[in-house]
Amino acid sequence: MASAEIFFFILAGLSTVSSLLVIFQRNVVRSAMALVATLFLIAVLFLTLEAPMVGFLQILVYAGAIMVLFLFVIMLLNPTVLERRQMFWWGFGSLTALLLIMEIVFLISNSLRTGGPGASLKESFGSPESLAQSLFTDFVLPFEIASVLLLVAIVGAVVLAKREA
Amino acid sequence: MAPLHYYLILSAVLFAIGVAGVIIRRNLIVILMSIELMLNAVNLTFIAFSRYLGSMEGQVIVFFVMTVAAAEAVIGLAIIISVFRHRQTLDPDEMQLLKW
């Protein structure tokens, strides 16, 4: 087995375990920390896929900014009550997830059995330059819309979370 | 790179775990975190296909997905804060005022 595959299996196992921890920890802070670990592992997976820029953005934006926001809200609200376990929803959720996995694995194994190394890449693939090249030529309209979306999100968050006078 | 379908199956597993989290948990913050997990699973698929097909478009889409996820997290958490102020709870089963 190639070393790339062994590395992939290690990362895949760790990220599956830590994402299971996200949903099965009853303490909210612990599941947030497990989510940080999952996001880091996914960022490493991005690096193995020749996407260093997106990988670093993932660490900065997701594991950094968004998770800090989550932790701030958790500590601000300080929910002391542990939620009660509900066996019905527990079983139903697990069953749905298993069915979903089986369905997708079935589809993938039917239609895509590709062991090849993928397309040959240019030297600059995944670099900040080529990402920006794509972003500011073909995707310049979505880029502007995304900036408007962020502005709306900022204003909306301030209005929603403001204490009523 | 490891074969493409390895990445696709891993991302399917992560997505399914996120779905299970939304169904199982009764805590708004954890539900929001499960949604982030699902978005990340989809991002993994995009990056894997972008590497496999040798095209940058997949990475640009991931950039936009991250933007939308950040906006969604901010607005979601602001709504959670204002709901918690009125109800003192994070249990979505308690929030049924609009239910018919």
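This is a predicted model: local features need pLDDT of at least 70, side-chain atom pairs count only at pLDDT 80 or more; totals for chains, interfaces and linings use all residues.
Local features here need pLDDT of at least 70 and side-chain atom pairs count only at pLDDT 80 or more, while totals for chains, interfaces and linings use all residues. Residues are numbered from 1 along each chain as its sequence is written, and chains are lettered from A in the order in which they are written.

**Stop 1: the interface.** Select chain B where it touches chain A. Here 61 residues of chain B are in contact with 74 residues of chain A (contact: C-beta atoms, placed from the backbone, within 7 Å). Colour helix H1 (4–24), helix H2 (28–53) and helix H3 (57–87) of chain B; these are the elements giving two or more residues to that side. Helices are DSSP runs of H or I, at least four residues long, numbered from the N terminus. H3(B) gives the most, with 21 residues. By class, this side of chain B has 45 nonpolar, 10 polar and six charged residues. Nonpolar means Ala, Val, Leu, Ile, Met, Phe, Trp, Tyr, Cys and Pro; charged means Asp, Glu, Lys and Arg; the others, Gly among them, are polar.

**Stop 2: a helix pair.** Select H4(A), residues 87–111, and H1(B). They pack at about 160°, with axes 8 Å apart. Axes are lines fitted to C-alpha atoms over the stretch in contact, and angles run from 0 to 180 degrees between N-to-C directions. H4(A) is therefore roughly antiparallel to H1(B) (over 145 degrees). Their crossing is right-handed (the near helix is turned clockwise from the far one by less than a right angle). Show side chains: the residues that meet include Trp89(A), Trp90(A) and Phe92(A) from H4(A), and His5(B), Leu8(B) and Ile9(B) from H1(B). This contact has 19 nonpolar, four polar and no charged residues.

**Stop 3: the core.** The largest nonpolar core has 67 residues. Such a core is a set of buried Ala, Val, Leu, Ile, Met, Phe, Trp, Tyr and Cys residues joined through C-beta atoms within 7 Å. H1, H2 and H3 of both chains each give two or more residues to it. The largest share, 13 residues, comes from H1(B). Centre on Ile29(B) and Ile47(B), which have the most contacts inside the core. Beyond four places in sequence, Ile29(B) is in contact with Val28(A), Phe70(A), Val73(A), Ile74(A), Ile80(B) and Leu90(B).

**Stop 4: a loop residue.** Finish at Glu50(A), in the loop between H2 and H3 of chain A. Its phi is near 60°, a positive value in a residue other than glycine. Glu50(A) has 19 C-beta neighbours inside 10 Å, so it counts as partly exposed (buried is 20 or more other C-beta atoms within 10 Å, exposed 12 or fewer, partly exposed in between).

Methods. Two residues are in contact if their C-beta atoms, placed from the backbone, lie within 7 Å. Angles under 35 degrees count as roughly parallel, over 145 as roughly antiparallel, 65 to 115 as roughly perpendicular and the rest as oblique.
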